[in-house]
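Please walk through this protein from its loops to its sheet and then to its cores.

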Amino acid sequence: MKKVITFGTFDHFHAGHESYLKQAKELGDFLIVVIARDKTVKRIKGKLSSHSERERLAAVKETGLADKVLLGSTGDKYEVILKHKPDVIALGYDQFAFTFRLNKLIIDNKLNTKIVRLKPYKPNVYKTSIIKKCLPS
């Protein structure tokens, strides 16, 4: 069984998120989606997402696209990779936080894991930062 793991905030779940998960799902047989913790979102983006980590987790589960959906670690962001030992790590075109050490992690831990960058889906329309600007205050 080929395991794929992917990560994201998934605030205001939209067609771009759906495309991202569908692309990730096509890379293997079992898709694990790791939802960014509220603390992590605040640290990376400088503000909290509109929806809590539990709400975002529920939204991704509701799609039925993932075989397993879980919250990321509040400590070591890479422990989920070491625990699940995925065959593929699927990253979004715009994901750079925590990704710079992935190759080293894979080599150091002798994992047989491939990193794949997924294609954007209409990023000038379906991007959470754009969608949030269109919402009433």
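Aspartate 94 sits in the loop that links strand 4 (88-91) to helix 5 (102-108); helices (H or I, at least four residues) and strands (E, at least two) are DSSP runs numbered from the N terminus. Its relative accessibility is 35%, so aspartate 94 counts as partly exposed, where buried means under 20% relative accessible area, exposed over 50%, and partly exposed in between (1.4 Å probe, protein chains only). Proline 120 is 26 residues from aspartate 94 in sequence, and their C-alpha atoms are 8.3 Å apart in space. This is a predicted model, in which local features need pLDDT of at least 70 and side-chain atom pairs count only at pLDDT 80 or more, while totals for chains, interfaces and linings use all residues. Residues are numbered from 1 along each chain as its sequence is written, and side-chain values use heavy atoms, with hydrogens and water left out.

Serine 49 is buried because its relative accessible area is 14%. Its side chain reaches the backbone oxygen of histidine 51 at 2.8 Å. The side chains of serine 49 and arginine 56 are joined by a polar contact of 3.1 Å; such a contact is a pair of N or O atoms within 3.5 Å, and within protein one must be able to donate a hydrogen and the other to accept it, with residues adjacent in sequence counting only if both atoms are side-chain atoms.

Strand 1 (residues 3-8) and strand 4 run parallel and are joined by three bridges. Isoleucine 5 has isoleucine 89, in strand 4, as its bridge partner.

The largest nonpolar core has 18 residues, and Phe10, Leu21, Leu31, Val33, Ile35 and Val60 have the most contacts inside it. A nonpolar core is a set of buried Ala, Val, Leu, Ile, Met, Phe, Trp, Tyr and Cys residues joined through side-chain atoms within 4.5 Å. Helix 1, strand 2, helix 3, strand 3 and strand 4 each give two or more residues to this core. Apart from it lies another core of 14 residues, including Tyr78, Ile81, Leu91 and Ile106.

Technical notes: Two strands pair if DSSP finds at least two bridges between them.
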